[in-house]
Amino acid sequence: MMDIVTPGYMPHEALFPIVVDAMFTKNFLLVMFLGLCSFVGLTTNSETSKGMSMAVTFVMTMSAILTWPIFYYLLKPNHLMFLQTICFILVIASFVQLVEFIIHRYSPPLYRSLGIYLPLISTNCAVLGVVLLNVKEDFSYGASIVYAFGAGLGYSWVMLATAAVREKLIMRGVDLFNGFIGAFFAAMMMALIVVSYFSVVKL
Amino acid sequence: MMQLIPPAIAVLGGLGFAMAAMLVWASKAFHVETDPLVDALIELMPGANCGACGFPGCADCAEHIVAGDVTPDICTSCDAERFELIGELLGIEISTAEPTYPVILCQGGTNCKDRYDYIGADTCRAAILLAGTKKACSYGCIGLGDCVRACMFDAIEIADNGLPRIKKYNCKGCGSCVRECPQQVLTIAKEHGPVYVVCSSHDKGKYVKEICEFGCIGCGICKKNCPEGAIKLVKALAVIDQEKCTQCGTCIDVCPRNAIVKL
């Protein structure tokens, strides 16, 4: 039986590289290619991609807050690490459902702008990716929250930038950016820019 | 390995049970009264959440349908059978018993002079952004086919005369093209229908005569001859009041510019 090591609550890692990693060098959409369903589906319109970005950032941060204690206090002491994926999905999906109930009740305007995206994210791979990476990297509680928030911001800027580009080009009738193929073409161009920029400019 | 099975069952089962209990409690505690019509409509929608209607999901689309912002036919996933059920629920006829289709209120096209040679993005909107429309008539159809691209049913094409032509057997009368047209020369008309002044130009008669073969010059002959008094002149353009019009056709015969047609 191996020892149970918990990384601790307060972040001992340097936080700035974690944020930059999450936002740019290991961007979830462009470098890891996670969460592409929403990227392809919603970037034709900047209003919807704004709503989706807000919702994803919120859910990512909250699921990091929820899953870390579950992993280190429930799964790890019982040597049930192989159950992490299914447990995390369970927790995230129920949490998203709960949040939907609450904002539907107390804030109808927020529900209309955000709530409709929440069911779409409950099984979004980017959200699950964040919490699994938090565990894999042995982040402390604080660092895992910062990482999740940074990943949300990274998701947001890519969504908004791509939506801005695609919206303009679709309006001008550039067929290359229309439809699913166009979305992947746009993703490829953005990914090239981000990856090559950060391989030349070392952080 | 065997000793892992009981804790695995306990942890996952416990977690699942706890989450389920919490959600059951939350759904009671935070229950919101929703419009039963919307709920019933959501049940009938295809549930594909494809987003082709422009809303993020079927539930959102259903809300807008009930609110009256859009008609159910914006859904491209529904088949005729589903439309019938939805129509029954909402008490409306969706499979258009009286078919509607768009009319182009312009006979310009190649009959109307160009102001300049336009070379650029092949859309009406881009052409307007450049320097107003490329046609000498600032009110008419530009003919670069924004309506064709807006049509989801392949029911519009740009004909040889530079104007959109409606293929009636494909047209569902959804009005996508009417909403898309930046010049607003399209309008929805009913079948067996009405008499229209197929011109949108408010320019002075002399100028219209110079640039276009068919444009309304605002001479007022139709207004004088109309037995019902259904025609009035709005800024040098004859406009027919469809409520009063009896489709007698008098104005069609007297118009010196052939700018009035019966559809």
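Start at Val56(A). Setting aside neighbours within four places in sequence, this residue is in contact with Ile121(A), Asn124(A), Ala126(A), Val127(A), Gly152(A) and Tyr155(A). The model is a predicted one.

Val56(A) belongs to the largest nonpolar core, a set of 50 residues. Together with Val127(A) and Val130(A), Val56(A) touches the most other members of this core. Helix 8 of chain A supplies the largest share, with 10 residues. As a general rule, nonpolar side chains in soluble globular proteins tend to be buried together.

Now step back to chain A as a whole. It has 9 helices and 0 strands. From the N terminus on, its elements run α-α-α-α-α-α-α-α-α. The chain holds 203 residues, and 38% of them count as buried. Look next at contacts in chain A with a separation of 6 or more. Residues 24 or more positions apart account for 78% of these.

Two packed helices are described by the angle between their axes and the distance between the axes. For helix 1 and helix 8 of chain A, the axes come within 7 Å and cross at roughly 35 degrees. The crossing of helix 1 and helix 8 of chain A is right-handed. On the side of helix 1, the residues that meet helix 8 of chain A are Leu15(A), Ile18(A), Val19(A), Ala22(A), Met23(A) and Phe24(A). Helix 8 of chain A answers with Ala143(A), Val146(A), Tyr147(A), Gly150(A), Ala151(A), Leu153(A) and Gly154(A). By class, this contact has 11 nonpolar, 2 polar and no charged residues.

Gly41(A) counts as partly exposed because it has 19 C-beta neighbours inside 10 Å, and a residue needs 20 or more to be buried. Gly41(A) and Ala183(A) are 142 residues apart along the chain. Their C-alpha atoms are separated by 8.4 Å.

Chain B comes next. Its secondary structure comes to 10 helices and 8 strands. Of its 263 residues, 30% count as buried. Among contacts in chain B with a separation of 6 or more, residues 24 or more positions apart account for 56%.

Two residues of chain B stand out for their backbone. Most residues other than glycine have a negative phi. Gln247(B) has a phi near 60 degrees, a positive value in a residue other than glycine. Gln247(B) lies in the loop between strand 7 (238-240) and helix 10 (250-254) of chain B. With 16 other C-beta atoms within 10 Å, Gln247(B) is partly exposed. Asn258(B) also has a positive phi, near 50 degrees. Its place is the loop between helix 10 and strand 8 (260-262) of chain B. Asn258(B) is exposed because 11 other C-beta atoms lie within 10 Å, and the limit for an exposed residue is 12 or fewer.

How do the two chains meet? In this model, 24 residues of chain A are in contact with 25 residues of chain B. On the side of chain A, the elements that give two or more residues are helix 3 (46-75) and helix 4 (84-106). Helix 4 of chain A brings the largest share, 11 residues. By class, the side of chain A that touches chain B has 14 nonpolar, 8 polar and 2 charged residues.

Last comes confidence. The mean pLDDT of chain A is 84, and 92% of its residues reach 70 or more. Within chain A, confidence is lowest in helix 5 (residues 108-115), at a mean of 67. It is highest in helix 7 of chain A, at 91. Chain B averages a pLDDT of 82, with 92% of the residues scoring at least 70. In chain B, strand 4 (residues 186-190) has the lowest confidence, at a mean of 79. Helix 1 (residues 5-29) of chain B has the highest, at 90. For the complex, the predictor gives an ipTM of 0.74 and a pTM of 0.56.

Conventions:
Residues numbered from 1 in each chain as written. Chains lettered and ligands numbered in written order. Predicted model: local features only at pLDDT ≥ 70, side-chain atom pairs only at ≥ 80, totals over all residues. Contact = placed C-beta atoms within 7 Å. Helix = DSSP H or I, 4+ residues; strand = E, 2+ residues; numbered from the N terminus. Nonpolar A, V, L, I, M, F, W, Y, C, P; charged D, E, K, R; others polar. Core = buried A, V, L, I, M, F, W, Y, C linked by C-beta atoms within 7 Å. Axes fitted to C-alpha atoms, helices over the stretch in contact; angles between N-to-C directions. Left-handed = near helix turned anticlockwise from the far one by under 90°. pLDDT = per-residue confidence, 0-100.
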